Each structure stands twice: as structure tokens, then as C-alpha cells.
Amino acid sequence: MTVYIEYAFLENFLLDGVLLYLSVRIARGKLVVWRLVCAAAIGGVEAVVFPLFALPVWAAYAVKVVGGALIAVAAVSGKNVKTYFAAIVAFFLCTFALGGLLTAAYSFFGVETEDGNGFLVERAPVALTFSAAGVFAIVLGESARRLYRFSRVVKRTCECTLEQGERRVRWKGLSDSGNLLEFRGRGVCVCSAAAIFALFGRNPVEVGRIRIGTANGGREAPVFECERLRIGNGMSQPAYLTVGEVASKHYQIILHTDYPEGKNETVKSAQNVVG
């Protein structure tokens with residue numbers, strides 16, 4: 001059997017690069033290109049040199065585990081040990097997942113050829129290998145992005161109970177530090193038009209109007225007063241609501257920062273800078 005070292009190195013370099021990139025993304029470490037390239041190159045060299053040594057089975061596995069952990073650490077730039085540990089775990093999980101995907105692909109699309117001793121061996125077309133790796137990287141990368149975005153939303157939401165007369169609704173509220181709307185010196189929460197009608201009925205009575213700045217300019221919106229708003233297990237208090245864009249199925253109301261954070265001069269000063 002003839003082995004071309006440069007091809008073996010290149011294939012492992014590219015595959016390790018994909019796996020390390022995914023590991024850094026999943027571990028939420030800082031992506032530094034030169035570190036990623038160097039780590040992938042070390043992985044390619046290891047894949048070429050490793051078969052040259054006759055090692056016991058336990059030693060071979062130990063070398064593979066240690067080598068994988070080292071290149072994962074070399075690829076990621078993190079602020080704490082947790083990031084490096086997450087990168088190592090992610091690298092091995094991605095490696096096993098990609099290996100399983102390639103094995104399944106080879107079983108369907110592998111090519112049988114005859115080696116130098118007359119035995120039939122299954123070869124994997126290079127195009128198949130990199131196509132499967134590319135699809136794997138895109139799907140896993142997009143899944144990780146969506147998962148982290150969802151987790152950020154979940155961390156910033158809380159249970160809210162709003163009461164108006166005999167009407168009572170339970171909604172998810174988003175604690176959004178960008179909401180600095182105020183009316184008569186109090187914070188204003190943002191709801192959709194459908195939510196306003198659900199709480200106040202078909203003929204809601206506005207107590208005033210407020211100007212809202214948007215990407216397309218400013219507009220005026222009505223302000224309504226809710227008799228009682230409770231966040232979590234906190235105390236009920238009156239709240240002002242206005243109609244705005246709430247384009248998410250994970251929450252129905254955008255809270256003003258006064259409600260979840262508490263009103264103090266330091267927070268208000270920071271909010272004004274953000275605003």
C-alpha cells in the first residue's frame with residue numbers, strides 16, 4: 001500500500017481545523033486564527049507520525065487522548081479553565097460525531113478497490129469526506145449559534161402577572177436594558193397590540209402618548225396604565241404599558257429596566273449612557 005504523506009497531512013489538517021473551529025465556537029472561546037492553524041497543523045503531523053510507532057493498545061489510546069486535548073487547548077483562547085475544559089470535551093464529542101457520520105457515509109458510498117496483496121478494501125472518496133465534514137460543520141455551527149441565542153433569551157426572561165379589573169394574564173417578560181422609555185417619571189413597558197387588547201379589552205383607554213424612537217425614525221404610541229404588575233414573586237405595582245414591536249414567541253412584554261433591576265442612581269446613570 002502506498003501512502004502519500006502530504007495528502008495524509010492535508011486531509012487531517014483540514015478535518016482537525018473544522019473540528020477545532022467547532023470546538024472553539026461551542027466552548028465560546030476567543031477565535032484566534034493563527035492558534036487554530038497551528039493546532040490543526042500539529043494534529044496533521046500527529047496523524048502522520050503516529051502510525052510509525054508500534055505502541056501497545058493502552059498507550060496508543062493514551063497518546064490519542066492526550067494529543068487531542070493538547071491541540072484543543074492550543075486552539076482556544078479563553079479566560080478561565082472552564083473554557084479550555086469545554087473546548088476539550090467539545091473536540092472529542094465533535095470528533096466522535098463526525099467519525100460516526102463518515103462511517104455511515106462510507107457504508108453507502110464507499111468505493112472498493114484491490115490493494116497490493118489482492119484483498120478488497122473500502123476507500124473513501126476525498127470529495128465525500130470533505131462534503132460530509134462541510135455539512136457537519138454548517139449544521140453543528142448553526143445549531144450551536146441558535147442554542148446560545150435561545151439560552152441568552154431564557155436567562156433574561158421572567159414570569160410576569162398583570163391584572164386589570166377582573167382580567168388577569170401571565171406573560172413572559174424580557175429584562176431588556178435597552179428599554180429606557182418613561183412617562184410621567186416612571187418606566188414604560190412594551191407590549192404588542194394583541195397583548196394590549198387581551199389585557200384591557202376591545203376599547204382600551206389611553207392615559208397619554210409617548211414618542212418612541214425606531215430605526216426608521218420616531219413615532220407616537222399610546223400609553224395605558226395597568227393596575228397591577230407582579231414580576232416573579234415580587235410586590236404588585238401599577239405599570240405603564242405602550243404598544244411596540246415584540247417579535248418573539250419566548251416573551252410577550254419588554255420590561256423597563258426599573259422593574260427587574262431596581263431604581264438607583266448608578267443604574268440610571270449607566271442606562272442614560274446606553275440610551
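**Exercise 1.** Which residue lies over the face of Tyr61, and at what distance from the ring centre?

*Solution.* Look at Lys64, which is placed over the face of Tyr61 at 6.0 Å from the ring centre. A charge sits over a ring if NZ of Lys or CZ of Arg is within 6 Å of the ring centre and within 35 degrees of the ring normal. Next, turn to Tyr148: the charged end of Arg28 sits over its ring, 4.4 Å from the centre.

A word on the model: it is predicted, local features need pLDDT of at least 70, side-chain atom pairs count only at pLDDT 80 or more, and totals for chains, interfaces and linings use all residues. Residues are numbered from 1 along each chain as its sequence is written, and side-chain values use heavy atoms, leaving out hydrogens and water.

**Exercise 2.** Find the angle at which helix H1 and helix H5 pack, and classify it.

*Solution.* Start with the helices (DSSP runs of H or I, at least four residues, numbered from the N terminus). H1 covers residues 5-27 and H5 residues 126-155. Their axes, lines fitted to C-alpha atoms over the stretch in contact, are 10 Å apart, and the angle between N-to-C directions (on a scale from 0 to 180 degrees) is about 5°. Angles under 35 degrees count as roughly parallel, so H1 is roughly parallel to H5.

Now inspect the contact (heavy atoms within 4.5 Å). Among the residues that meet are Leu15 and Leu22 in H1, and Phe130 and Tyr148 in H5.

Terms used: Helices (H or I, at least four residues) and strands (E, at least two) are DSSP runs, numbered from the N terminus. Angles under 35 degrees count as roughly parallel, over 145 as roughly antiparallel, 65 to 115 as roughly perpendicular and the rest as oblique.
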